[in-house]
Amino acid sequence: MSLKPLNIKSKLLDAPSGSPLYSVSIKDAKQKKVALANPKATRSLIALMDLAAVNGGAACHWGGPSAMTETWTALHALMFKNKDWYNHFNFVNDIGHAENGIYALRTVLGYGDLTMETLKGFRAMGSKLTGHGESHLYPEGVLLSNGPLGSAFPQAQGLAAGDKVAKNNRVTVVSVSDGAAMEGEAKEAFTAVPGLASKGKLNPFVMLLSDNNTKLGGRIDKDSFSMQPTFDSLKDLGWDVVKVENGHDLEGVYHVIEESIEKAKKDPSKPVCIWLKTIKGYGVKSTMDSSTGGHGFPLKAHDEGIHAFLKEIWGDEAVPAEFTTWANELTVKPEKKSSGSSTPKDKIQIGVAKALSRAAKEGYPVFSITSDLQGSTGLKAFHTEYPDHYLDVGVAESNMVSTAIGMSKVGFIPVVDTFAAFGVTKGNLPLIMASLSQAPVIAVFSHTGFQDAADGASHQSLTYLSALGSIPHLNTVNVASAKEAEEYIFKAVQKIATDRQCGKDGESYIFFIGRENFALEVKEGLSYDLHKPQKLAEGTDAAIIVSGSLVAKGLQAAEKLRLQGIEAAVINHSFVNHSDFTQIANWIAESGSKVVTVEDHQLIGGMGSQLVHQLKLLGLEFDVETLAIKGEFGQSAYSADELYTKHHVDSGAIIEAVERLVHNKGSFMNLDTDILKSKWKDISHEAKKKWDSISERDLEKVKGNAVAMVSLIQEKFGISKEDATKKVEELLAKYPKDELKAKVEKTAEKVMGTANTLMDEIKNKLKK
């Protein structure tokens with residue numbers, strides 16, 4: 001019985017029918033002239049779109065796409081010979097931070113609606129052109145989402161397997177970098193692709209391997225270890241390896257790719273690896289010479305240097321006028337705006353380095369195992385101060401955590417670091433094993449939630465709390481300031497050391513930190529005790545519970561609410577899965593038993609859901625609203641604030657949520673505050689008149705609710721039970737019978753406590 005897949009129409013657009021907007025001519029293997037996109041034009045557009053995004057506040061990348069420009073130019077010329085190219089090729093990119101090179105190239109080719117105007121929105125809110133190819137936002141141009149290195153390569157293996165089963169006549173081509181090749185997923189695919197192909201399980205498969213010995217942090221062989229033995233082993237694994245010494249020889253690369261595709265078609269049992277020696281940052285000498293290859297775009301916002309940048313790309317040729325015009329637009333500096341805040345701000349990461357240096361000075365055996373992102377997570381400063389206290393394992397997050405487990409078992413206190421998106425996913429199993437092996441580790445996972453706004457969904461960790469929170473003997477800590485990071489990390493080191501020296505297993509601590517600048521300390525005079533929440537602002541009407549990057553939003557909301565006469569407490573709930581929940585419950589009870597939780601995390605399994613569950617187990621009754629992400633992926637934006645607003649987790653959304661709770665129709669707290677503050681004695685006569693008309697049956701229905709109201713008023717105004725009882729009598733008299741019963745019956749469902757003696761007292765008083 002034949003197996004047929006679902007009939008799913010490709011969303012990819014047809015190949016452009018016209019000539020490239022800027023072209024160069026080469027000769028194919030038959031010496032026939034072929035017009036290809038001009039790599040200089042492509043690199044110019046990469047630079048211009050990057051600067052546009054930098055002007056908007058986003059980080060961008062130059063080195064990776066510039067290294068692959070000639071390769072992708074040649075490949076697209078071959079793929080786009082067919083209008084329905086997607087029926088002939090699967091094209092997958094697994095080179096991180098390089099998707100902008102594909103956008104630029106396809107603009108030169110005239111693909112779909114890609115134009116210079118389209119590129120101007122690169123990485124902005126509303127643009128389909130994200131920092132990494134996202135198929136959920138741009139299905140017309142992206143087949144599989146990429147971003148986390150090494151993740152798209154094995155997916156391409158699945159495409160080739162699927163095409164084989166479906167009997168599709170299609171070649172899979174995947175681009176992989178030497179950095180991505182360090183990941184475990186990539187190494188598995190290195191073995192599986194030729195192994196499965198040799199058994200007739202895959203369609204034709206071609207891998208384009210960009211080897212420039214460069215990763216984000218610097219040269220791969222210097223920082224960690226050489227990848228050359230790995231690449232040398234590909235032949236023995238079953239790949240047909242074709243080595244290209246100059247990956248920037250456009251015609252030479254074209255010939256090799258053309259020949260390799262034909263070889264793969266003729267013999268699908270032998271996948272082809274085109275091993276390309278490239279130069280990261282090619283086209284501009286300063287980035288070519290840089291140890292990082294100009295990984296990030298080297299120019300600052302509105303930098304006049306863009307003109308020299310373009311001139312160097314074009315060499316002896318004149319820079320096209322339209323590129324110069326766009327460059328002129330990009331160098332117009334806007335008027336400086338005041339930030340409106342005098343609070344000192346900096347990266348939370350500085351607290352990370354301070355904590356570890358402090359621990360090392362006091363003799364604790366802290367040791368850093370890192371995977372290329374130490375410059376972004378704050379560990380670089382510690383490495384500089386203590387060069388013998390760290391090990392760089394390369395771009396391999398899972399291996400990083402596993403290595404830390406072994407170090408911990410020996411007796412060290414290992415610290416691992418990476419972006420939250422990678423630590424939570426690729427580090428999940430090793431972190432489970434850390435607990436199983438009684439080998440606690442400390443992790444610093446940065447760029448939480450929407451904080452990595454520019455890089456888009458693939459780099460935005462929206463499950464960072466739920467994914468790890470249920471692992472036994474592991475604590476998730478969401479920190480909001482450099483001071484918080486320093487104090488809590490240092491104390492975690494102390495606790496692990498104390499526990500293990502006393503014969504205990506110890507527990508792991510995972511510290512999540514943002515990317516952008518935050519207040520160095522959210523409030524002066526705070527205590528920093530492990531597993532203890534902090535009360536940042538007092539309030540009797542509601543409690544706003546926040547942690548990490550959104551603490552500042554909670555404080556802003558509370559300040560604005562105070563101007564409206566609403567007093568909202570702000571609670572910093574840093575220790576998300578293991579905290580002093582009894583203390584939080586007490587603070588909530590003091591705040592009108594109304595709670596708003598806020599997080600840039602998925603609603604399911606997030607801080608709010610974990611907290612509400614714990615509070616319910618304690619028997620606390622309260623009204624709650626949870627502001628979180630409701631089952632969606634993110635996208636690129638210039639700043640996290642834009643995404644906070646879109647997903648309703650900003651200060652404005654917090655204010656609205658508090659107002660909804662405080663002014664909830666039908667609840668007792670919705671009663672006009674002026675009534676509560678009025679002279680109660682002025683309505684006592686009206687009270688007797690109205691209550692004389694209520695029957696015994698009516699009285700029985702409302703007396704329990706009256707008790708609850710007494711308790712609530714006593715708590716809210718800090719008065720005695722006797723005074724509160726009197727106020728309830730007179731307050732109830734203010735409303736018609738039907739309205740009154742509706743209000744108190746609604747209230748009874750929400751407010752805790754009963755007291756039979758007090759009910760009798762109210763009944764007797766009301767009868768009088």
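Please keep in mind throughout that the model is a predicted one.

Let me start with helix H3, which covers residues 99-109. Eleven of its eleven residues are buried, so H3 is largely enclosed by the rest of the structure. After H3 comes glycine 110, which has a positive phi, near 85°.

Now to the pair, where helix H14 (residues 349-361) meets helix H21 (residues 482-501), their axes coming within 7 Å and crossing at roughly 30°. Because angles under 35 degrees count as roughly parallel, H14 is roughly parallel to H21, and the crossing is right-handed. On the H14 side the contact includes Ile350, Val352, Lys354 and Leu356, while on the H21 side Glu486, Ile489, Phe490 and Val493 are among the residues involved. Sorted by class, this contact of H14 with H21 has ten nonpolar, one polar and four charged residues.

Finally, the cysteines: how many disulfides does a search of the whole structure find? The number is zero. Cysteine 273 is buried, with a relative accessible area of 0%, whereas cysteine 502, at 60% relative accessibility, counts as exposed.

Methods:
Residues are numbered from 1 along each chain as its sequence is written. This is a predicted model: local features need pLDDT of at least 70, side-chain atom pairs count only at pLDDT 80 or more; totals for chains, interfaces and linings use all residues. Side-chain values use heavy atoms; hydrogens and water are left out. Axes are lines fitted to C-alpha atoms, for helices over the stretch in contact, and angles run from 0 to 180 degrees between N-to-C directions. Helices (H or I, at least four residues) and strands (E, at least two) are DSSP runs, numbered from the N terminus. Angles under 35 degrees count as roughly parallel, over 145 as roughly antiparallel, 65 to 115 as roughly perpendicular and the rest as oblique. A crossing is left-handed if the near helix is turned anticlockwise from the far one by less than a right angle, and right-handed if clockwise. Contact means heavy atoms within 4.5 Å. Ala, Val, Leu, Ile, Met, Phe, Trp, Tyr, Cys and Pro count as nonpolar, Asp, Glu, Lys and Arg as charged, and the others, Gly among them, as polar. Buried means under 20% relative accessible area, exposed over 50%, partly exposed in between (1.4 Å probe, protein chains only). A disulfide is a pair of cysteine sulfur atoms within 2.5 Å.
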